[in-house]
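Welcome! Please take a moment with the sequence and the 3D view below, and then we can walk through them together.

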Amino acid sequence: MELLRGSHDDRALRTAALLRRSHPADKELQLAGLLQDIGQMLRPGDGARHAVLAAEAVRPLLGERVARLVRLHAPAGAAGGADGPDGDADAVATLHQAREAAAACGPDAGVLEDWRPLLELVAAGNTTDPLGRPRGSV
């Protein structure tokens, strides 16, 4: 949450809000919209790898699908952006569309704190430890 508070651009909030309205059941997609730019905050100026950095940062807490969507949101050819496996090509396209729409309009996106319960819910459902192993495994 602290990292997200450091952003001065509310485009990620608007993207997530649009995804919440258009895909209310896909919580992971909504979080990918919210978190897609954290790589730029983790390592400013490393634009070519920001999607990969963001994915690596969210994977231990929020799981593989959120990380994959965050990584794949990059334009094709940049930092591994491409259609994803496991039927996520549609989700990636939806993420791109919501991001573009968020830039063009200014819907009331609420505040960052509104997203804490969803972040906690998805994190609680993630069944891997920070090393990528199933929790409880040796």
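## The overall picture

How many helices and how many strands are there in the chain? There are eight helices and zero strands. Read from the N terminus on, the elements follow the order α-α-α-α-α-α-α-α.

The chain has 138 residues, and buried residues make up 41% of them.

## How confident is the model?

Please keep in mind that this is a predicted model. The mean pLDDT of the chain is 79, and 71% of its residues reach 70 or more. Where is confidence lowest, and where is it highest? Helix H1 (residues 2-5) has the lowest confidence, with a mean of 68, while helix H3 (residues 27-35) has the highest, at 94.

Let us turn to H3, the helix with the highest confidence. Is it largely enclosed or left open? Seven of the nine residues of H3 are buried, so this helix is largely enclosed by the rest of the structure. The buried residues in H3 are Leu29, Gln30, Leu31, Ala32, Gly33, Leu34 and Leu35.

H3 meets helix H8 (residues 116-125): their axes come within 11 Å and cross at roughly 120 degrees. That angle makes H3 oblique to H8, and the crossing is left-handed. On the H3 side, the contact is made by Lys27, Glu28, Gln30, Leu31, Leu34 and Leu35; on the H8 side, by Leu118, Leu119 and Val122.

## Helix H2 and its partner H7

A second pair to look for is H2 and helix H7 (residues 89-104), whose axes come within 8 Å and cross at roughly 125 degrees. H2 is therefore oblique to H7. Which hand does the crossing of H2 and H7 have, left or right? It is right-handed.

From H2, the residues that take part are Arg11, Arg14, Thr15, Leu18 and Leu19. They meet Thr94, Leu95, Ala98, Arg99, Glu100, Ala101, Ala102 and Ala103 in H7.

Is Arg14 buried or exposed? Its relative accessibility is 12%, so Arg14 counts as buried, the cut-off being under 20%. The side chain of Arg14 also makes a polar contact with the side chain of Asp10, at 2.3 Å.

Met41 is found in helix H4 (residues 38-42). With a relative accessible area of 25%, Met41 is partly exposed. In sequence, Met41 and Leu4 are 37 residues apart, yet their C-alpha atoms are 8.4 Å apart in space.

Terms used:
Residues numbered from 1 in each chain as written. Predicted model: local features only at pLDDT ≥ 70, side-chain atom pairs only at ≥ 80, totals over all residues. Heavy atoms only, no water. Buried < 20%, exposed > 50% of the residue type's maximum accessible area, 1.4 Å probe, protein only. Polar contact = N/O pair within 3.5 Å; in protein donor to acceptor, adjacent residues only side chain to side chain. pLDDT = per-residue confidence, 0-100. Helix = DSSP H or I, 4+ residues; strand = E, 2+ residues; numbered from the N terminus. Axes fitted to C-alpha atoms, helices over the stretch in contact; angles between N-to-C directions. Parallel < 35°, antiparallel > 145°, perpendicular 65-115°, else oblique. Left-handed = near helix turned anticlockwise from the far one by under 90°. Contact = heavy atoms within 4.5 Å.
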